[in-house]
Amino acid sequence: MGEENTAVTLKTILIGNSGVGKSSVMNRYVDNRFTNMYRATIGTDFFSKAVRINGNTVTLQIWDTAGTERFQSLGTPLYRGSHCCMLVFDVTSSTSFSALEMWRKEFLVQGEPQDPENFPFVVLGNKTDLGNREVGLDSLADFLPFVHLPVSRRKAMQWCEEIGAEYFEGSAKEDLDMEKPFLKATELGLQQYKKHTLENTGHFQITCEQPRETRNTCEC
Ligand code: GTP
Ligand code: MG
């Protein structure tokens, strides 16, 4: 099969509570830039980046959604056609971590992936630059669901094991480990693509000969 000569576009969508750093993570990965200024995403942004994986170049289309409730319902049709979903939380906020279960369910309902049981999720804990998290506050978070407490790596990994997701953590601010989650999303997305798109069409979908880096905005 001529994988090397064919441009494949993989869609990865970033979801999670407002302020966890979805836009920052994406901007760090695609443009290597970061700002402390917070500007809530309105609608959806997406960016395409050429990624080399296992000797092939694929176009990774990263969709950055709005975490605010006001725009959530607008974002849901955009979940469709995703090859991987990245669930982002803030490691200093147990509230943002607990919300991932809701985001995951929402994705599976609205995104309508084929074989939802085996749909690939990557979980990313952002803002690891913000102090010590291993302080044993995990159990307290269950009793204080509305208080932002730190989330330990152990707790995050435990949940990821339960749902069969890959776990990564890092900091968009300090540029710590921002590439690995996207490479994993590309790898898992490619597997998903081969399993479902290829099974359905029998061939690779040719989207563009030369993957180009593009940024688009949709405020629908
Ligand atoms: P919505 O668009 O509202 O859904 O938010 P978002 O998830 O895209 O968050 P955004 O990337 O806009 O970041 C929110 C705030 O967190 C901004 O002030 C960022 O500068 C800050 N921030 C993002 N990543 C980090 C990080 O790794 N460390 C620290 N300390 N701050 C960060
Ligand atoms: Mg944003």
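The shell around ligand 1 is made of eight nonpolar, twelve polar and four charged residues. Here Ala, Val, Leu, Ile, Met, Phe, Trp, Tyr, Cys and Pro count as nonpolar, Asp, Glu, Lys and Arg as charged, and the others, Gly among them, as polar. This is a predicted model, where local features need pLDDT of at least 70 and side-chain atom pairs pLDDT 80 or more, while totals for chains, interfaces and linings use all residues. Residues are numbered from 1 along each chain as its sequence is written, chains are lettered from A and ligands numbered from 1 in the order written, and side-chain values use heavy atoms, without hydrogens or water.

Which residues come nearest to ligand 1? Of the 24 around it, they are Ser 18, Lys 22, Ser 24, Tyr 38 and Gly 67; being near takes a heavy atom within 4 Å. Helix α1, residues 22–31, gives the largest share of the shell, three residues. Helices are DSSP runs of H or I with at least four residues, and strands are runs of E with at least two, numbered from the N terminus.

Now the backbone. Oxygen atoms of ligand 1 lie 2.7 Å from a backbone N or O atom of Gly 67, 2.9 Å from a polar backbone atom of Gly 19 and 3.1 Å from a backbone N or O atom of Lys 173. Taken alone, ligand 1 exposes 650 Å², and the protein buries 92% of that (Shrake-Rupley method, 1.4 Å probe).

Last, the loops. Asp 115, between α3 (94–111) and β5 (121–126), has a positive phi near 55° without being a glycine. Asp 177, between β6 (166–169) and α6 (180–201), also has a positive phi, about 55°.

Note on methods. Polar contact = N/O pair within 3.5 Å; in protein donor to acceptor, adjacent residues only side chain to side chain.
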